[in-house]
Amino acid sequence: MGKPFFMRDKFLTWGAVIVIFTLVVALLIRAHYWIPILLFCIYCIGVYNTYQTKHAILRNFPVLGYFRYFFETISPEMQQYFIERETDGKPFPRNQRSAVYRRAKNLSDTVPFGTQLEVNHRKYEGIKHSIYAKSPKEELPRVWVGNEQCSQPYHASLFNISAMSFGSLSDRAQISLNRGAKKGNFYHNTGEGGISPYHLEGGGDICWQIGTGYFGCRDEQGNFSEELFAEKTKNPVVKMVELKLSQGAKPGHGGVLPGVKNTPEIAAIRHVKPGVTILSPPGHSAFSDAEGLLRFVQRLRELSGGKPTGFKLCIGDTREFEEICAKMNELQIYPDFITVDGAEGGTGAAPPEFSDGVGMPLEPALIFVNRTLKNYGVREKIRIIASGKVLTSLDILRAIAMGADMCNNARGFMFALGCIQALRCNTNACPTGVATQDKMLIKGLDVTDKSERVYHFHKNTLQTCNELIAAAGRKSYDQVDASMFMRGDEFDRLSDKYFPDVLGNVDKVQS
Ligand SMILES: Cc1cc2nc3c(=O)[nH]c(=O)nc-3n(C[C@H](O)[C@H](O)[C@H](O)COP(=O)(O)O)c2cc1C
């Protein structure tokens, strides 16, 4: 079989022939000179590509090779627009994204014609409603955070914005989140990139996250600075402090801020060099064991003037967590909250092996953390915050049933900001202006509109939570537990177990 015409050697010969031919024709008819000029330019690019050594496809297919790169860049959109069905799409299927968009736009979030889920499948998880359903409460649920060691407890919303730094998200995205948080009275976690002016612009409540890079509270050598921390936590909008140990999408890896997103402004906020990729170290320099961790939490709480202080982690080696619990009792130091992030959690940028292969998923992690805190007799002192695909009202109730007191969400709020799951957070080319520092792209994000969407997404999600617990006949969130849920295949299996002769009986009756 012959090689295709557009391969390198044929391209060089036939390309030259075509350019010369069109030039001769243009000279003869004394018109359309642009055609040979255009073809000549394309030919030159092709010739360049045949000699470059970086891209094999372009060396072999000097012009047509570009189509491959073009289709590759728009592949997430092609998937979404032409291939994806309602329940397809990763990490979030279309039906879940649409639910967020509708809630964020404050439109009716009803669906027609019934469920598209396979309700007899094990993956289906439903709520056991009650015959004696109640009327849903109007008031949105709130939870006190802060034990007896904290002098400024905070009355938090049950659902809040999870950590996302200015750097991974744009300035307008952060302003919109913050204004939405202010209007809806919930908190906005800064992410490990420090408190930027955009986190403060709307006056919404802040949970300041301190990561291994100590961004915003670090000295010249990158070590934690007590002075800077104490000064910044004086700000009354800082309601809580979260020490980040790890996150589900890349546990044990530290943060990655790609160089293209590290603008001079971000670098100044973080106290780092602009333009270079910033890797926060995988571990903390301020402590290296359970005792050090708890003493550091205690110190942060003192320096903050007694604000609720806790830590965020994705569960890995369970013995380490048990050791921390044992140390709590030994040292009598109790964090005010622990944020449990599941391996299914999101990120702006992470190595694939860390995203796909490290850390415990949220559900078993919550069950483990809740049980362990109870075993050590410290559960009453510590709030558990759950994150990792806690997107819908059902997800929130499921997390509470597994042991959480509150939930955080990152990517749901990104959808509320207009994110289309283009999967470009790590390239600075987010088409919606949410996860980029490109000024041209950010211009597309309208703060007034998007902050309203953030507000409505939060409000409508929690209102649906209220409706669901009322449908289950429960009076409050304290009554939400695992007995409220069922799995799709539960009754199939039960019927096999307890009524194996049912079909036989039917036959007998009929005969
Ligand atoms: C763009 C982006 C940036 C993030 N930045 C941080 C961060 O700075 N610190 C952190 O602890 N987690 C960070 N996360 C993780 C979230 O806070 C959260 O733990 C995780 O995404 C939970 O999953 P969800 O997106 O399904 O809610 C980030 C997530 C995303 C999507």
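With 7 C-beta neighbours inside 10 Å, arginine 30 counts as exposed; the term applies when 12 or fewer other C-beta atoms, placed from the backbone, lie within 10 Å of a residue's own, whereas 20 or more make a residue buried and values in between make it partly exposed. This is a predicted model, in which local features need pLDDT of at least 70, side-chain atom pairs count only at pLDDT 80 or more, and totals for chains, interfaces and linings use all residues. Residue numbers start from 1 along each chain as its sequence is written. Arginine 30 lies in the loop between α1 (8-29) and α2 (34-51), helices being DSSP runs of H or I with at least four residues and strands runs of E with at least two, both numbered from the N terminus.

The phi angle of arginine 30 is near 55°, a positive value in a residue other than glycine. Most residues other than glycine have a negative phi. Leucine 423 also has a positive phi, near 60°. The loop that holds leucine 423 runs between α16 (411-416) and α17 (439-442). Leucine 423 is partly exposed, because 15 other C-beta atoms lie within 10 Å.

## Overall architecture

The protein contains 20 helices and 14 strands. Along the principal axes, its C-alpha trace spans about 90 × 85 × 45 Å. Of its 511 residues, 41% are buried. Among contacts with a separation of 6 or more, 68% link residues 24 or more positions apart; a contact requires C-beta atoms, placed from the backbone, within 7 Å of each other.

Two domains are given by the domain assignment, domain 1 (8-73) and domain 2 (142-487), with bounds that come from an automatic or database assignment. Their C-alpha centres are 52 Å apart.

Strand β6 (residues 205-210) is largely enclosed by the rest of the structure, because 6 of its 6 residues are buried. In a regular strand the side chains alternate between the two faces of the sheet. In β6 both faces are covered: Asp205, Cys207 and Gln209 are buried on one side, and Ile206, Trp208 and Ile210 on the other.

Strand β5 (residues 187-189) runs parallel to β6 and is joined to it by 3 bridges; strands count as paired when DSSP finds at least two bridges between them. Within this pairing, tyrosine 187 is opposite aspartate 205. Strand β7 (residues 238-244) also pairs with β6 in the parallel sense, over 5 bridges. Cysteine 207 has methionine 240 of β7 as its bridge partner. From β6 the chain passes through helix α9 (residues 226-233) to β7 in a right-handed β-α-β crossover, meaning that, with the strands pointing away from the viewer, the path from the first strand over the helix to the second runs clockwise.

## Strand β13 and its partners

Both faces of strand β13 (residues 406-409) are covered as well, with Met406 and Asn408 buried on one side and Cys407 and Asn409 buried on the other. Strand β4 (residues 159-161) is parallel to β13 and linked to it by 3 bridges. In this pair, isoleucine 161 has asparagine 409 as its bridge partner.

Strand β12 (residues 383-387) is likewise parallel to β13, with 2 bridges between them. Alanine 386 is placed opposite cysteine 407. The chain reaches β13 from β12 by way of helix α15 (residues 393-401), and this β-α-β crossover is right-handed.

## Two buried positions

Glycine 359 occupies the loop between α13 (352-357) and α14 (362-375). It is buried, because 25 other C-beta atoms lie within 10 Å. Beyond its neighbours within four places in sequence, glycine 359 contacts Gly248, Pro251, Cys314, Gly316 and Ala343. Glycine 252 is 107 residues away from glycine 359 in sequence and 9.0 Å away in space, C-alpha to C-alpha.

Asparagine 460 belongs to helix α18 (residues 447-471) and is buried, with 20 other C-beta atoms within 10 Å. Leaving out neighbours within four places in sequence, asparagine 460 contacts Arg103, Asn106 and Asp109. Aspartate 438, 22 residues from asparagine 460 in sequence, is 31 Å from it in space, C-alpha to C-alpha.
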